Amino acid sequence: MIENEPMLRMTGIHKQFPGVKALSGVNFRLFPGEVHALMGENGAGKSTLIKVLTGVYTIDAGRVDMNGQTIAVHNPQEAKQAGISTVYQEVNLCPNLSVAENIYIGNEPRSLGRIRWKEMNRNAERLLQDRLHLHIDVTRTLQSYSVAVQQLIAIARALSVSAQVLILDEPTSSLDQSEVAQLFKIMRKLKSEGLAILFVTHFLDQVYEISDRITILRNGEFVGEYMAQDLPRIELVAKMIGKELSLLEQLPKQSGEGAERCAEILLEASRLGKRGSIEPFDIRIHKGEIVGIAGLLGSGRTELARLLFGADRADEGHVQLGGYRGMMSSPRQAIDLGIAFCSENRKTEGIIDDLTVRENIILALQATKGWFRAISRKRQDEIAEEYIRLLNINPPAPEQLIRHLSGGNQQKVLLARWLLTEPGLLILDEPTRGIDVGAKAEIQKLVVTLAEKGMSVLFISSELEEVLRVSDRVAIMRDRRKVQEIQGGAARQSEVMQAIAGGEQR
Amino acid sequence: MLKRQYVPLLVTVGLFILLFAAGSFRYTGFFSLQVLMNLLIDNSFLLIAAVGMTFVIVSGGIDLSVGSMIALTTMISASLLQQGWPPYIVIPLVLSLGILFGTTLGAMIHYFNIQPFIATLAGMFLARGLCYVISINTITIDNAFYTTMAQTKIRLPGNTFVSISVIIALLVVALGIYVAHYTRFGRNTYAVGGNEQSALLMGLPVARTKIMVYGFSGLCSSLAGVVFTFYMLSGYGLHASGMELDVIAAVVIGGTLLTGGVGFVFGTFFGVMIQGVIQTIISFEGTLSSWWTRIVIGVLLLLFILLQKLLGERRLAERS
């Protein structure tokens, strides 16, 4: 294959949002007939880069060249005219319109302003058949088809405007195995037709299966561009997380004495799974044990927790907890069985902004008692005082509105809320995300203390060091599978990273 | 093959036929072409306003200013005619005012991200208030053109007749159907109602579409006002009070989803006709007070919203 000129070249891209440097000095090249994977952890700047390229955001500094000419796109429409088409993660089409319309709207064949439906339907049918091997009724509404088909229709829309660059932003995140295979087949076909494809995904297996070239971003900065076959998985992961492998080997072992203190099994899940979300897994949590869940974003960490908590319903397997054996059918049931779940979206699923610290704390306890057996105000005040002291919530003012608290303190209020229900198992999903170092350490310490008092904790975090420091045992997730379990004390970061990256190297 | 999106439409048409048949069996003299024509004559202004409202609701919004806009139009028309302005200036003037009023509301809704409910509520109070600035009394119209428009009967075969307003209303319905299905503006309206965010990312002119939708509704309201003026031959601040709710009810009964994205002007036509036929049945009954119309409409609305909900859920269940 000839090492030809890049079709698209982005040089020194800078983008700043109020208070955040989203992109600084990022370079990116796309070659015709290649699939180029854009990799990076959450907040690395992948989405921003794509949005800059498609004109959703404007560039602060830097330049974009396409076919040797500098271009400036100010909105998605202009990007499309320049030959850059995007398929977003959530299918960004209109569910109420027909398939054909979704492909052509804004670009319908018309005569004298009148839309020629017959021609549009015919074109849509031909496009889907010829380029995507999809035989469907294009006059039905989009919502009558599965997400996988919708995804393909979105690609068809992108192709309908003679695109040269196709951006696929996490197209596989809601597809199952066979659907992914179909998508890849189509991607290969399009690639062979000379299209330049930018592919974003969190699944490492998929990256290596389809990509020719990989660009890695971290914290809005350009880490490097590599040919896929020259970059071992473990190095990819190290570059994404930002730790050189050699450096990791030297890190001292963290303590892990707690591993033996627990004998009694609190919860045992066997073959618990949900199609399209997480493959069946077994997990055993002992009393007073901290089990960490490590893995990249989208590897199934949260999904695992949600199944245990009944927030999503499993479609196979069962959970054994105390005397109960079966599936968790609702969070309510899980709470009754003594499970508490601190979700990762503190802002949207956890705290209630306009309530006071006290009100936020008693929320879950009140819910377990039922709304008709009100907790007296005196008791509420006592509880609030107690937990504010216990968790060192700052400022120690129970009547403060929670939105005035810092992220770390909001997290502590959330913790207090669940601790109050005296759960047997506390699930913490990213409890330290977005809070400062001091508060992080405090929360980690608190978790360890709770476990020492006999509470079991499922600790999910994208920070590997943190998981290893806190956990007695670490379960490792990769591509929606639980792939391995490692004793926390014995685990080295490099070992865990190897597991996260996946066994065989390419 | 029957497509799911046509189910509410068929229910509406079926219901109209059922109601009309029921009336025909129960009351002598009900089953005649003229009764049908009277439905059109008495509801032509409602029909015109409802076409505009259909676009607004399909786009995912709501327009509460319709009734007040009709009243304001009757008021302005009547007072200008009283001062001797000729109709060929008055009518274009009030129609342009309607467009201006609607686009202003649309621009507020889009650019300042104000809830359509609130923005048009403000518009509703504003227009109603302006009526009383002009006069607190009824202003009667004796302009020759207006009286001609009001009294002219267009003879139809079968010894029936309709008014000129009916012709205008049917033209608006036909235009509405064409615009909704065969123009970019129409399709963009559906797209915006289906998913505004997606529409934006698909590169559709969302701002222009939303503003034009309210502008169109404003135009329809003022045209409804003109037709209402023909019908009443007067301007009055209390005219058409609460009519926006009748209009919304007609649109919803016509099968348009309040959540936006789904609906047909054709359905709206039957929504208006159903309201009309219920009124006619109640007037034929004689002993029932006219409030029964409201009660029946209320029940129907509830049923239709439930039906939409059920259809929506079945669709979701089918897909997963």
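**Confidence first**

Reader: In chain B, where is confidence lowest and where is it highest?
Author: This is a predicted model, where local features need pLDDT of at least 70, side-chain atom pairs count only at pLDDT 80 or more, and totals for chains, interfaces and linings use all residues. Residues are numbered from 1 along each chain as its sequence is written, while chains are lettered from A and ligands numbered from 1 in the order in which they are written. Going by pLDDT (the predictor's confidence in each residue, from 0 to 100), the lowest mean in chain B is 75, in H13(B), and the highest is 96, in helix H4 (residues 87-111) of chain B.

Reader: Which helix gives the most to the side of chain B that touches chain A?
Author: Contact here means C-beta atoms, placed from the backbone, within 7 Å, and 21 residues of chain B are in contact with 21 residues of chain A. Helices (DSSP runs of H or I, at least four residues, numbered from the N terminus) H8 (184-194), H9 (196-201) and H13 (291-319) of chain B each supply at least two residues of that side. The top contributor, with 5 residues, is H8(B).

Reader: Is Thr12(B) buried or exposed?
Author: Thr12(B) sits in helix H1 (residues 7-26) of chain B. The cut-offs count other C-beta atoms, placed from the backbone, within 10 Å of a residue's own: 20 or more is buried, 12 or fewer exposed, in between partly exposed. Because Thr12(B) has 27 of them, it is buried.

Reader: What separates the C-alpha atoms of Thr12(B) and Thr74(B)?
Author: Along the chain, Thr12(B) and Thr74(B) are 62 residues apart. Their C-alpha atoms are separated by 31 Å.

How values were computed
Contact = placed C-beta atoms within 7 Å.
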